[in-house]
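I opened this notebook to keep track of what I looked up, entry by entry.

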Amino acid sequence: MTDDECRREVSVAGRVLAGHGHSDLVWGHVALRDPAGQGIWIKRSGIGFEEVQPEDVQLVGWDGSLLDGHGSVHLEHHIHTEVMRARPDVTCSLHTHPEAAVVFASLGVPLVAIAHEATLFAPPDVARFTATGDLIRDAELGRAVATSLGARNALLLVNHGIVVVGSSCDEAVLAAVLLEKACRMQLAAMSAAPGARLLVSSEDEALAKRDRCYSPTQMEHGAGYLRRMLDGGGEASGAR
């Protein structure tokens, strides 16, 4: 993947997220591992996901230094650099503040399989980071986030937001969209009948659904749809 392709991947990922409940003014970011190992490609600080164009994407070194691009570097770049240091399998990581996921995490209840979406993350229950609800402002906190994430694909930063990872931007973005939907659906079910016992898939059924509903082929199809819907199928369909 060339530098220009890296910039385009990050910009498309941000704009897809913006259309699916992950926009929070100028906060939140997607990071793509640099194929040459120099660091991460990430949007510059100070602009929202909706605004990101390829020229807004920076190459940031593992130490947080700006290697290519312009503008300020996001303070929370430590999330991505430390997660990727700990997880060689991760090509893309993202951090956003989707409303349903943030509200859901504050309740301290497990995510359960009331529909397909939750099965991508549970069982076991989705991982949670509770050391602080503040910003991940240094490498030590970044390492703590990476430890809490472990080998999982998603992490709820309680009182803060989420971290989602994947082997590509497509995979991470689709997983983030599905996580927010799963949290939103469970919140709706819990509020519709407070205190009622939710009917959920068994662990065996949930894991079987994960394999069937979110196989690599199905994930590719879902991510392709998100790209096609961006900009009316223009740039997104040609940016794979």
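Entry one. I noted at the outset that the model is predicted, and then I looked up Ala 31, whose bridge partner in strand E2 is Ile 42. I followed this to the strands themselves and found that E1, residues 29-33, pairs with E2 in the antiparallel sense over 3 bridges. The hairpin of E1 and E2 has 5 residues between the strands, and in this hairpin I found Gly 37 with a positive phi near 80°.

Entry two. I asked what lies on from E2, and I found that E2 also pairs in the antiparallel sense with strand E3, residues 57-61, over 5 bridges. Within this pairing, Trp 41 stands opposite Leu 59 of E3. How many residues of E2 are buried? I found that E2, which spans residues 39-43, is mostly covered, with 5 of its 5 residues buried.

I searched the whole structure for disulfides and the count was 0. Cys 213 is in no disulfide either, and its nearest cysteine sulfur, that of Cys 183, is 18 Å away. With a relative accessibility of 25%, Cys 213 counts as partly exposed.

Definitions and conventions. Residues are numbered from 1 along each chain as its sequence is written. This is a predicted model: local features need pLDDT of at least 70, side-chain atom pairs count only at pLDDT 80 or more; totals for chains, interfaces and linings use all residues. Side-chain values use heavy atoms; hydrogens and water are left out. Buried means under 20% relative accessible area, exposed over 50%, partly exposed in between (1.4 Å probe, protein chains only). Helices (H or I, at least four residues) and strands (E, at least two) are DSSP runs, numbered from the N terminus. Two strands pair if DSSP finds at least two bridges between them. A disulfide is a pair of cysteine sulfur atoms within 2.5 Å.
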